Amino acid sequence: MRLLPIAVVAALLSALSFSVPAHAMAGTTYYVDSKAGNDDSAGTSATAPWKSLDKVNSADLKPGDAVSFKRGSSFTGPLRLEAGGTAARPIVIQAYGRGPLAKISGMDDDCVVVTGSHWRISGLRASGCRWAGFQVGGDHNELAGVHADRNIAGIFVTPSGSRNTIRDSVLTDNNRMSVNDEGGDNDSGAFGVLLQGDDNLVTGNTITGSFAKSMDYVTDGSAVEIFNGDRNLVTYNTARNNETFTELGAQKGKTATGNVFAFNVVTSSRGRGSFLITRGPHHVVGPVKGTVAVHNSVYLPARNTIGWSCHDGCAPSILKLRNNVIVVGGEAGWEDGKGADDGGSVYKGLVARFKLGPKSVMADPKFVSRTDLRLRPGSPALGRGLTLTPKWYGGKALGKDITGKPLAGTPDAGAYQH
């Protein structure tokens, strides 16, 4: 099994607990208000704000500066964030005032385009954009508390985007396709998050409605799609009513190696769906190597569903699963070749086309309800999990369930500890 290098884990954990001392943040704060602003104003106070994104795009922003967007404002994108902050003095995007988040829209471009590094971005909504609500191509950026909807991709981390954090955000109904034509097995779109870069952290987000009609696949979409990206950590997310939670692929010469999915809660009331789809070397976008899924809770009750699929040359080097609880109305899981490496999990489905690993069972896990995937007393998932080293789920600081309860002793399977 390929685990996250220590340096990568340290960087991801640092992003989880990032805070900036007040003195390090000292810089100029600019204000933008689409309703009461004036681009001839100085922009350095809430009583004399700028009006347009053009002023922000042309501003000579320095490390430690901040741009505050008035709640209730509405702009046509793009907002281009090209300057560079530093670890000690990031450049900040934030909200002020009362009301809904400032909204950036526009079908001529992606709405928020981040090519700089060390930005801390919050307080914005990107809606109805050309392709991506937020396009992130730099490194060491953090998106926290942003909203994205009605895009092809709510957040797109480009191949050059690395060591970025996407956390505590709401990505809903990103339900448009970029390619949707007959034949070619090439339809694409409806992504909550699309990761093509490396070493990024996606944590604590609510991702819903990543789902669109497809001429090739009937429907398609993913809460978190990974294509070519290596060593990304996807953890503590709540996903509802997406087509798929995650689908992984890689072009020839790439591998999408070492991505980890831990402590996510996935539910859907849709007629079809899946938790995880990955590929071996015989697939046109395979092999995808070293994927790890650990302590996830999944409930997809419709008949046309599958828990996980590892196909076209599956092997333990392709997919490892530990301590998951997966309930579907269709196939609990599917493998070919040498098969995936499974253990410590509870599955329920019409069929299971894979070999159960150590301590794994087919049984009803006794979720509290269709939407509350905590475990009721007597659940076979209680104490079912295998004891894992912290490297399995991204580091010692992440050894806790989705509510923050630490793992202790023999763990329960799933995202919740009893």
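Student: Are Cys111 and Cys129 buried or exposed?

Tutor: In this predicted model, both Cys111 and Cys129 are buried.

Student: What do Cys111 and Cys129 form?

Tutor: A disulfide is a covalent bond between the sulfur atoms of two cysteines. Here Cys111 and Cys129 form such a bond, with the sulfur atoms 2.0 Å apart. The torsion about their S-S bond is about -105 degrees, so this disulfide is left-handed. The pair links distant parts of the chain, 18 residues apart: Cys111 lies in the loop between strand S6 (102–106) and S7, and Cys129 lies in strand S9 (residues 124–129).

Student: How many disulfides does the structure hold?

Tutor: The structure holds 2 disulfides.

Student: Why does Cys314 count as buried?

Tutor: The criterion is a relative accessible area under 20%. Cys314 has 2% relative accessibility and therefore counts as buried. Cys310, at 0%, is buried as well.

Student: What is the pairing when the bonded cysteines are numbered in sequence order?

Tutor: Numbered in that way, the bonded cysteines of the protein pair 1-2, 3-4.

Student: Let us turn to the sheet. What is the order of the strands in the open sheet of 11 strands?

Tutor: The order is S4-S7-S10-S13-S18-S23-S26-S29-S32-S35-S38, and the pairing is parallel. Strand S4 (79–81) and strand S38 (351–353) stand at the edges; each has a single partner strand, so one side of each is left without a neighbour in the sheet. On average, neighbouring strands of this sheet are turned by 15 degrees against each other, direction ignored.

Student: How many bridges join S4 to strand S7?

Tutor: S4 and strand S7 (residues 112–114) run parallel and are joined by 3 bridges. Within this pairing, Leu79 stands opposite Val112 in S7.

Student: Which way do the residues of strand S33 point?

Tutor: In a regular strand the side chains alternate between the two faces of the sheet. In strand S33 (residues 319–322), Leu319 and Leu321 point one way, while Lys320 and Arg322 point the other way. All of these residues are buried, the lysine and the arginine included.

Student: Which strands pair with S33?

Tutor: Strand S30 (residues 291–294) runs parallel to S33 and is joined to it by 4 bridges. Val292 has Lys320 in S33 as its bridge partner. Strand S36 (residues 341–343) also pairs with S33 in the parallel sense, over 3 bridges. There, the bridge partner of Leu321 is Asp342 in S36.

Student: How far apart are Tyr96 and Gly123 in sequence and in space?

Tutor: Tyr96 and Gly123 are 27 residues apart in sequence, and their C-alpha atoms are 8.2 Å apart in space.

Technical notes:
Residues are numbered from 1 along each chain as its sequence is written. This is a predicted model: local features need pLDDT of at least 70, side-chain atom pairs count only at pLDDT 80 or more; totals for chains, interfaces and linings use all residues. Side-chain values use heavy atoms; hydrogens and water are left out. Two strands pair if DSSP finds at least two bridges between them. Helices (H or I, at least four residues) and strands (E, at least two) are DSSP runs, numbered from the N terminus. Axes are lines fitted to C-alpha atoms, for helices over the stretch in contact, and angles run from 0 to 180 degrees between N-to-C directions. A disulfide is a pair of cysteine sulfur atoms within 2.5 Å. Buried means under 20% relative accessible area, exposed over 50%, partly exposed in between (1.4 Å probe, protein chains only).
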